[in-house]
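Please keep the sequence and the structure in view while I speak.

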Amino acid sequence: MLPSEARKLRKQKLEAQKNKVHKKISNTFIESAIKDNTLNALKTIYYLASAIETIPNLKELDSDKLLSISFDTRDMLKYTDMTLPAIKKNIQAMQKTSVVYYNEEDDTETGVSLIPYYKFIYGKNKVELKLFVQIAQEIIDVKRNYSMVDTKVLMKFKSKHTLKLLPLLMRISQYSDDVAKRKTFDLAALNEFFGTKYKRFIDIERKILKPIQEELDSHSKLNFIYQTNYDYFDAGRPKAISITLDVVENQPRLF
């Protein structure tokens, strides 16, 4: 490629990047499922994603088109191991939550309710929902974070912290063989990741990391080992400064 052609190509890529539509999403419910991993919220989204994925040609539909889906509450209860009040609570939370899309290309702001309409038909053990295509695609994206997890295994988890860490372990496990399959966190990063406010590493070890290990040991093909890193430069007792997680393969007892 000639220098002039390379400059032209770089210019075209730059213009394309400038013209790209940037979308910022403010979505407290889906952010909760991804970031804080409320257990029942994630299970609800995962179940809805499974129903949405059966809709043909979803990607070809207009984003503002309303979809209608329905399902048997008995199937959802069996699938998620949740109670009907918990299911109702999460669907109501979605109905009350709105998503804001900012389109910088045409300088617009659009607000969309996660579920504009829901109806529980108790006599028939049925739920009817309506949601926009745009929201349906966001819900499917949440499920993709757990695409490597068997559905039955996912529903067995009891800790929101396990559901938070597992997608990260999956990403780390896919690192090249030339790269160490590990990640190091300082205390602030651990608290931010798990949505906690612990002041000591030992509290995170005892209340988060060890329980996660136990749950993954029973249900997951992936687990981790960890080590605490210390600062030995100061006089006196060494100070814990970070924790390094290494991903390991697991032979789960109940998988």
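Is Glu128 buried, partly exposed or exposed? Please bear in mind that this is a predicted model. Glu128 has a relative accessible area of 24%, so it is partly exposed; the cut-offs are under 20% for buried and over 50% for exposed.

Let us stay with this residue and consider its partner. Glu128 forms a salt bridge with Lys126, and their closest N and O atoms lie 3.7 Å apart. Lys126 is also partly exposed, because its relative accessibility is 30%. In general, side chains of opposite charge can pair when their charged atoms come close.

How many salt bridges does the structure hold? There are seven. One of them joins Arg74 to Asp72, with 2.8 Å between the closest N and O atoms. Asp72, at a relative accessible area of 22%, is partly exposed. Another pairs the side chains of Lys181 and Asp177, at 3.8 Å from N to O. The two partners may be considered in turn. Lys181 has a relative accessible area of 25% and is therefore partly exposed. Asp177 reaches 74%, so this residue counts as exposed. Salt bridges also link Arg200, Asp203 and Arg206 in a network.

I turn now to charges on the surface. Which residues gather in a patch of negative charge? They are Glu104, Glu105, Asp106 and Asp107. Asp106 is located in the loop between strand E3, residues 98-103, and strand E4, residues 108-113. With 46% relative accessibility, Asp106 is classed as partly exposed. Asp107 is placed in the loop between E3 and E4. Its relative accessibility is 70%, and therefore Asp107 counts as exposed.

Where is Asn125 placed? Asn125 is in the loop between strand E5, residues 117-121, and strand E6, residues 126-132. At 28% relative accessibility, Asn125 is partly exposed.

Helix H6 comprises 12 residues, 133-144. At 1.5 Å a residue, H6 should span 16 Å, and its end C-alpha atoms are 17 Å apart, so the two values agree. Is H6 mostly covered or mostly uncovered? H6 is mostly covered, since nine of its 12 residues are buried, a term that means under 20% relative accessible area. Among the buried residues are Val133, Ile135, Ala136, Ile139, Ile140 and Val142. The buried residues of H6 also include Gln134, Glu138 and Lys143.

Helix H8 has 14 residues, 160-173. H8 is mostly covered, with 11 of its 14 residues buried. The buried residues of H8 include Leu163, Leu165, Leu166, Leu168 and Leu169. His161, Thr162 and Lys164 are buried in H8 as well. When you follow such a helix by eye, recall that an α-helix has 3.6 residues a turn, so residues three or four places apart point the same way.

To close, I would ask you to find two places in the model. One is the patch of negative charge that includes Asp106 and Asp107; the other is the network of salt bridges linking Arg200, Asp203 and Arg206. Thank you for your attention.

Definitions and conventions:
Residues are numbered from 1 along each chain as its sequence is written. This is a predicted model: local features need pLDDT of at least 70, side-chain atom pairs count only at pLDDT 80 or more; totals for chains, interfaces and linings use all residues. Side-chain values use heavy atoms; hydrogens and water are left out. Patches are made of residues with over 30% relative accessible area and no salt bridge: like charges are joined within 9 Å, nonpolar side chains (Val, Leu, Ile, Met, Phe, Trp, Tyr) within 5 Å. Accessible areas come from the Shrake-Rupley method with a 1.4 Å probe; for residues, only the protein chains shown count as cover. A salt bridge is a side-chain nitrogen of Lys or Arg within 4 Å of a carboxyl oxygen of Asp or Glu. Lys and Arg count as positive and Asp and Glu as negative; His and the chain ends are not counted. The place of a charge is taken as NZ of Lys, CZ of Arg, CG of Asp or CD of Glu. Helices (H or I, at least four residues) and strands (E, at least two) are DSSP runs, numbered from the N terminus. Buried means under 20% relative accessible area, exposed over 50%, partly exposed in between (1.4 Å probe, protein chains only). The expected span of a helix is 1.5 Å times one less than its number of residues.
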